[in-house]
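Please read the numbered points alongside the sequence and the model.

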Amino acid sequence: MSVLISYKNKSSKAKNSNLIFFVDEKFSLTGLKKHFTDTENGFINDVIKSQNLSKKIISFDINSKKKIFLISVKSIINLSQVENLGAEFFNYLKDIKQKEFIIDSDVNASKLKNFVGYFLHGLKLKSYFFEKYKTKKNKKIITFT
């Protein structure tokens, strides 16, 4: 499975796209309310209350074509932990049929410079498979915007 990362200056208000948001350790949605309608905000709050908040990543479906990922980021985090978080997120993507994701970098729970870049670097490192001599190659391409 290969990962394609494209950097676009596109808003994350696409109606039928998978969204990735970075939140603090308590999964507070203070900076994310502008991205959702009131009914979606209520639904997301109910889902968060029913989830185990000790997990680093929470995913749920808004509708059949839109999936939301909330990634918990510690207030004090170093670069290797950010890369490990990206690698852990890749494990979620292996079993999902959707192929396109939008990362919202506007709401960043960490003060690190180039946080999203290190997150995607860890994800890209985890996605590497040695398939040079294999006859059947995995052709699934995941795109991040």
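1. K56 is partly exposed, with a relative accessible area of 42%. In this predicted model, K56 forms a salt bridge with E88, and the closest N and O atoms lie 3.8 Å apart. The pair links distant parts of the chain, since K56 sits in the loop between α1 and β3 (57–63) and E88 in helix α2, 32 residues apart. E88 is likewise partly exposed, at 27% relative accessible area.

2. A search of the whole structure finds 3 salt bridges. One of them joins E40 to K66, with 3.9 Å between the closest N and O atoms. This pair too connects distant parts of the chain: E40 belongs to helix α1 (residues 38–50) and K66 to strand β4 (residues 66–72), 26 residues apart. E40 counts as buried at 17% relative accessibility, and K66 is buried at 6%.

3. D61 forms a salt bridge with K67, the closest N and O atoms being 3.1 Å apart. Here D61 is partly exposed, with a relative accessible area of 43%, whereas K67 counts as buried at 13%.

4. The axes of helix α2 (residues 79–93) and α3 come within 7 Å and cross at roughly 50°; the two helices are therefore oblique to each other. The crossing is right-handed.

5. On the surface, Y128, F130 and Y133 form a nonpolar patch with about 440 Å² of accessible area together. Y128 lies in the loop between α3 (115–126) and β6 (141–144) and is exposed, at 59% relative accessible area.

6. T143, in strand β6, is buried, with a relative accessible area of 18%. T143 and V3 are 140 residues apart in sequence, yet 6.2 Å apart in space, C-alpha to C-alpha.

Key:
Residues are numbered from 1 along each chain as its sequence is written. This is a predicted model: local features need pLDDT of at least 70, side-chain atom pairs count only at pLDDT 80 or more; totals for chains, interfaces and linings use all residues. Side-chain values use heavy atoms; hydrogens and water are left out. Patches are made of residues with over 30% relative accessible area and no salt bridge: like charges are joined within 9 Å, nonpolar side chains (Val, Leu, Ile, Met, Phe, Trp, Tyr) within 5 Å. Accessible areas come from the Shrake-Rupley method with a 1.4 Å probe; for residues, only the protein chains shown count as cover. A salt bridge is a side-chain nitrogen of Lys or Arg within 4 Å of a carboxyl oxygen of Asp or Glu. Helices (H or I, at least four residues) and strands (E, at least two) are DSSP runs, numbered from the N terminus. Buried means under 20% relative accessible area, exposed over 50%, partly exposed in between (1.4 Å probe, protein chains only). Axes are lines fitted to C-alpha atoms, for helices over the stretch in contact, and angles run from 0 to 180 degrees between N-to-C directions. Angles under 35 degrees count as roughly parallel, over 145 as roughly antiparallel, 65 to 115 as roughly perpendicular and the rest as oblique. A crossing is left-handed if the near helix is turned anticlockwise from the far one by less than a right angle, and right-handed if clockwise.
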